[in-house]
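I opened my notebook for a friendly look through this structure. Here is what I looked up, entry by entry.

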Amino acid sequence: MPSQTANAKPTPRTPDHEIQGSKEALIQDLERKLKCKDTLLHNGNQRLTYEEKMARRLLGPQNAAAVFQAPNNDVQDSSQQHNPEHARLQVPTSQVRSRSSSRAEANDQDAIQEKFYPPRFIQVPENMSIEEGRFCRMDFKVSGLPAPDVSWYLNGSPVQSDELHKMIVSEKGFHSLIFEVVRASDAGSYACVARNRAGEATFTVQLDVLAKEHKRAPMFIYKPQSKKVFEGESVKLECQISAIPPPKLFWKRNNEMVHFNTDRISLYHDNVGRVTLLIKDVTKKDAGWYTVSAVNEAGVTTCNTRLDVTARPNQTPPAPKQLRVRPTFSKYLALNGRGLDVKQAFNPEGEFQRLAAQSGLYESEEL
């Protein structure tokens with residue numbers, strides 16, 4: 001059909017008296033009636049027919065009227081001769097294009113009227129100093145329309161999300177940059193950039209990473225020993241503790257804190273960890289279980305010891321020392337020291353003298 005229409009030669013308009021009773025005459029008559037009704041419709045004196053209602057519903061009032069007001073040229077006449085029914089509802093291309101263009105212009109006007117707001121930071125974090133190995137979190141809030149996209153840069157290099165670095169976004173504009181474990185390489189200047197179609201905004205924050213301090217939990221090099229003393233004496237409970245950093249010390253007696261810096265009880269310690277609890281003029285109230293605890297950031301250690309206090313016994317005079325007889329060269333002096341009279345054992349005296357005279361014996365000086 002298009003090829004036939006393009007190749008059809010233009011023919012002069014057929015007079016009215018020649019086309020009476022044909023379809024062409026009927027169509028032309030219908031066009032005239034529609035034109036008259038359209039004119040009367042503007043004056044409010046004529047109702048629309050079913051065909052006009054359908055045309056207005058499908059094509060709109062202006063395009064429906066244009067169907068029957070198309071220019072009367074030779075090309076259109078030839079096309080109507082080949083397909084007169086199609087001519088009734090054919091819509092001029094110029095009108096269709098104008099309608100689509102009008103819709104595009106309306107959309108452009110709506111887009112121009114839509115409002116955009118550039119990003120603006122409502123809350124930003126302050127500069128931070130974090131010890132290596134700890135947890136860190138940077139929170140901020142940003143507004144803008146449409147919702148801006150957020151990017152992080154460390155010393156000019158983009159920050160990527162991984163196992164140790166996470167970026168969290170909430171619905172109300174709150175954002176967070178999370179460091180699960182802070183490393184020395186995380187130190188530097190962080191720049192946060194928020195962008196949308198209306199513009200962008202930036203803030204910077206400095207993160208300093210402190211070197212991790214070497215720590216060691218307290219441990220006893222030697223522990224205090226249990227002791228037993230008399231009332232009125234002085235006693236020392238000594239121990240030595242090693243820890244980094246130096247620990248805090250706590251002494252308890254029977255689960256009650258011991259009060260130091262008194263006239264009787266003092267606590268001494270030096271730089272190498274030696275600790276001494278000195279108690280003067282010990283009384284029975286000082287007896288019991290003593291607990292020493294050492295605490296620092298790396299841990300805690302505890303040790304118990306026992307202190308017994310007894311009453312001092314009464315003093316008795318020492319027993320006299322027995323004298324011992326010094327041995328001599330004479331048997332008889334030893335016998336006399338035991339209470340024996342040697343001379344009486346040799347009576348009578350005369351018999352002794354007689355025997356001595358016969359034998360030439362004489363009395364010894366020792367006797």
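How much of the protein counts as buried? I found that 25% of its 367 residues do, with buried meaning under 20% relative accessible area, exposed over 50% and partly exposed in between (1.4 Å probe, protein chains only).

A note on the source: this is a predicted model, in which local features need pLDDT of at least 70, side-chain atom pairs count only at pLDDT 80 or more, and totals for chains, interfaces and linings use all residues. Residues are numbered from 1 along each chain as its sequence is written, and side-chain values use heavy atoms, with hydrogens and water left out.

Next I looked up the secondary structure, and it comes to 9 helices and 18 strands (DSSP runs numbered from the N terminus: helices are H or I, at least four residues; strands are E, at least two).

I then turned to strand E16, residues 274–279, and saw that 5 of its 6 residues are buried. E16 pairs in the antiparallel sense with strand E12 (residues 235–244) over 6 bridges; pairing takes at least two bridges found by DSSP. There, Cys239 is opposite Val275 of E16.

Strand E15 (residues 265–269) also pairs with E16 in the antiparallel sense, over 5 bridges, and Leu267 faces Leu277 of E16. I noted that E15 and E16 make a hairpin with 4 residues between them, and that Gly273 in the turn has a positive phi of about 95 degrees.

My last entry is an open sheet of 5 strands, ordered E2-E9-E8-E4-E5 with mixed pairing. Its edge strands are E2 (128–131) and E5 (157–158), each pairing on one side only.
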